[in-house]
Amino acid sequence: MTVSRTSRLPDSDRVFGVATVMATILLLVTFVLIPLWAILKNSFVTPDGGIGFGNFIHYFADARFVTIVGNTFEVGISVTLTTLALAYGFAYAVQRTAMPFRNVLRIVALLPIFSPSLVQALGLQFLLGRNGFVNRTFGTEIDIYGFWGIFISDLVYAFPHAFLILSTALAVADARLYESADSLGAGAWRIFRTVTLPATRYGLASAAFVVFTIVITDFGNAVVIGGNYSVLAVEIYNQVSGQANFSMGAVIGVLLLLPAALAVIGEKWIARRQFASLTAQSIPLVVQPNRARDAAWFVYSVVVALAILSLVAIVIYASFVRLWPYNLSFSLRHYQFDVQNGIQPLWTSIYVALLTAVLSVFFVTGAAYVNHAFPMRASRILYFLAILPAAVPGMVLGLGYILAFNTPGQPVYWIYDTILIIALCNVYHYHAQGFLLATTNIKQISSTFDEASATLGATKLRTVWRVTLPMIWPTVLAVGVFFFMRAMVTLSAVIFLITPSTQLAAVSVLYLDDRGALNQAAAFAVCIMATVVAFLIITQLALRLAGIRGVSLVR
Amino acid sequence: MFLSLRGVTKRFGSLVAVDHVDLDLTEGEFVCFLGPSGCGKTTLLRLIAGLETLDDGEVLLEGTDLAGLPARKRNFGVVFQSYSLFPNMTVAKNVAYGLECRKWPEAKIEARVAEMLELVHLSRDAGKYPHELSGGMQQRVALARALAPEPAVLLLDEPLSALDAKVRESLRGEISELQKRLGITTIMVTHDQDEAMEMADRIVALNRGRIEQVGSAEELYWDPATRFVGEFIGRINMLSSPDLCAGLDTTAGETVLAIRPEHIVVADGGAHSGTVRNVAFLGNTMRLGVEAGGQDLEIEVHGRRRRMQVGDTVSFDLPADRVRRLAASSP
């Protein structure tokens, strides 16, 4: 009876499906798995050629190294807890109160996403540094370099990421639960503890993992304002870039990889235990005005927003003054960029970001589509590899690229020292987020369109081109915008991959700051932020003109 | 045979959705797959369309096994419950889609699209987009789109169930007429017995992935073969009480005796009597719930009569030629 099935001829759709799935897996293996393998290999291969934990034992015998590991976790845990508390309050105020200016406050909270991670530290220098605004105005001698500098700047940097997740968690609620609790005589605090908090547990856990990963792997803020307080992300940079100590770099890479991987696994584990809190019968909660409560939350939100805004504003301000902090007269001279490569790194960044966006549209949405449209045994491998990068810190991936591809004779050696390797590194660094975003949207499109097309005689390729793409292009665009933004501001993944001819804007800010040219660093940072914001506005306008609404580009 | 199913089987994990189905269709026939949700009727249609792969068995079109042919090469027109018109294309573009896939010359495509839209009375809406049309109009476009490439078989997957009752009625007639006019072999999936009885030449009653009975609407109604068919199409009383079965042949084992409510004859001095438990007056008919011989019976009485009251005693006959012997259905 089954003879007919085994005698099936290879069909062109099947060939297309298998070919695209295999090509996608090949790309993921090349640009994710091989670099990771290179890191692991280097960390376990000891100088005498043996294999084992020799490197780890060697470095952990060093008291300084143990201190650095301790510092990293100290910053990671303290920033995570503080960010969660502050961002939860802010998200609560935005979603669950009727305070005024909610939209403005929301946008202010998102500002740090539009700038590289070192800009918060730069702003903090202007504000609380030795020659900062506070010390000069009040004659104080606050020393911000060290733990507190990293703490504050990473807090601000991680804030929007936590805010976005918690805001989503708080956005929906079942009014019936609140009415029941209210009618049973529960007070506001009890309702919060017994209804609101349990419903947002998953959001909290998810935000905690995301923030923790961001903080322990953040390089920009720590290198600018860490002073003598060393953390792993800075140490890996010093060891590799400064001393070409690749084996120690690889050991630190593995140390960063472990907690990040555990955090991602933890998040997935919790996600599976989360049951849907909303059903079709739920009645959406409508926020009722309450003057005292709204006023209190408004004050809180304004204070938080001002703190975030002040770090951005002072960078912008400093970029327009003649010489911070001695001569505060207005000047545009820092925008002449008469140093180093001039403005070239900004253009390089834009090229890289555009290239990243284009590649992501093909590779990332392509991976999501292929995974969805051609279910086969290999799809599980594809899915795993596609979301694996979520657990890989940028610096680890970047280091992996050096270790894996910087060998003449490698099939992809030719991309070394080009902007292509930087763009590819960006694509695979943020692959998981883009892939999940695209998958969610592709899944929402009914499969009957595919089936209708097939029964009318269309090949898969024609269906993609004529039916699927016209329906999902806003998603494709959103993925492209996401990757453009990330590529413009990322520092950690690309720090190992740049060369003098492929220097990027975010790295320029770092170098200028390192040289003490703070005003120029500020001007460069402003250019990056302006580019990102302008790109967002242009895309949004283009969407409006095309009659598309409701596509949110900031994720 | 034009289209033949031989031992067609489909499993989803441990669930057998379609269980060794054998069926033959002659050319130009209109067949309905009828059954409750979850009976496997849609899966069976999708297997024929090539949208699912068989686990066992074969589908033959004029003797040729279709196993190696994916959906796009089978030349079967499919209409889905959800219309599934391509939202980014106009009505005309939707209808032309299948012809473009077959690389028809442009002039021929244009003529065919005009012809098809004429057929479903939508010529004036050729330039509109699907969202500008009502549900009924969208489904007519879907029909035109499926028929345009001159398919060998037309497959309709609950085409009417997303529509309003009124639109459904008129579209029933339209589809039947179109099918007769084109003489195209058609299979329609439905859970609506009225729809199946009105439209189909033959009805395939499906339950738990198996065929219970195949026949015309009349055959299925007057001579249901199984308990499932009897209960699913129309109303029927199962006779379980020994009192009521007295005088009837109760020999065979795995069977049950049954009678339709309208076949029970209410008459003074009938062989049986019972107590009226409820009365529903439905105009020309009156439906009585009667307790007799320790079981409940439904009796339908026609024409003008004295209104019965709850608690009344009613006497009736169970005509032996009206009592059906039904096979137990697969559990």
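1. Overall dimensions of chain A. In this predicted model, chain A has a radius of gyration of 25 Å, which agrees with the value near 24 Å that a compact globule of 555 residues would have. The C-alpha trace of chain A spans about 90 × 75 × 50 Å along its principal axes.

2. Composition and packing of chain A. The secondary structure of chain A comprises 24 helices and two strands. Of its 555 residues, 47% count as buried. Among the contacts in chain A with a separation of 6 or more, 82% are accounted for by residues 24 or more positions apart.

3. Helix H11 of chain A. This helix covers residues 201-217, and its 17 residues reach 24 Å from the first C-alpha to the last, close to the 24 Å expected at 1.5 Å a residue. H11(A) is largely enclosed by the rest of the structure, because 14 of its 17 residues are buried.

4. The interface between the chains. On the side of chain A, 24 residues are in contact with 28 residues of chain B. The elements of chain A that give two or more residues to this side are helix H1 (3-6), helix H21 (448-455) and helix H22 (460-489). H21(A) supplies the largest share, six residues. By residue class, the side of chain A that touches chain B divides into 10 nonpolar, eight polar and six charged residues.

5. Domains of chain B. Two domains are assigned in chain B: domain 1 (3-230) and domain 2 (236-327). Their C-alpha centres lie 39 Å apart. The contact between them takes six residues from domain 1 of chain B and six residues from domain 2 of chain B. On the side of domain 1 of chain B that touches domain 2 of chain B, the residues divide into two nonpolar, two polar and two charged.

6. Helix H5 of chain B. The end C-alpha atoms of this helix (residues 135-147) are 18 Å apart, which agrees with the 18 Å that its 13 residues should span at 1.5 Å a residue. H5(B) is mostly covered, with 11 of its 13 residues buried. Among the buried residues are B:Met137, B:Val141, B:Leu143 and B:Leu147, and also B:Arg140 and B:Arg145. The elements of chain B that cover the buried residues of H5(B) include strand E6 (76-79), helix H3 (91-101), helix H4 (106-119), strand E7 (153-157) and helix H6 (165-182).

7. The hairpin of E9 and E10 in chain B. Strand E9 (residues 202-207) and strand E10 (residues 210-215) of chain B pair in the antiparallel sense over five bridges. B:Ala205 has B:Gln213 in E10(B) as its bridge partner. Two residues lie between the strands of this hairpin, in which B:Arg208 takes a positive phi near 50°.

8. The surroundings of B:Leu220. This residue is placed in helix H8 (residues 217-222) of chain B. B:Leu220 is buried because 27 other C-beta atoms lie within 10 Å, where the cut-off is 20 or more. Leaving aside neighbours within four places in sequence, B:Leu220 is in contact with B:Ile203, B:Ala205, B:Gln213, B:Gly215, B:Val229 and B:Ile233. B:Ile187, by contrast, is 33 residues from B:Leu220 in sequence and 18 Å from it in space, C-alpha to C-alpha.

Notes
Residues numbered from 1 in each chain as written. Chains lettered and ligands numbered in written order. Predicted model: local features only at pLDDT ≥ 70, side-chain atom pairs only at ≥ 80, totals over all residues. Contact = placed C-beta atoms within 7 Å. Helix = DSSP H or I, 4+ residues; strand = E, 2+ residues; numbered from the N terminus. Nonpolar A, V, L, I, M, F, W, Y, C, P; charged D, E, K, R; others polar. Domains from an automatic or database assignment. Expected span 1.5 Å × (residues − 1). Buried ≥ 20, exposed ≤ 12 C-beta atoms within 10 Å, placed from the backbone. Rg over C-alpha atoms; globule rule 2.2 N^0.38 Å. Pairing = 2+ DSSP bridges.
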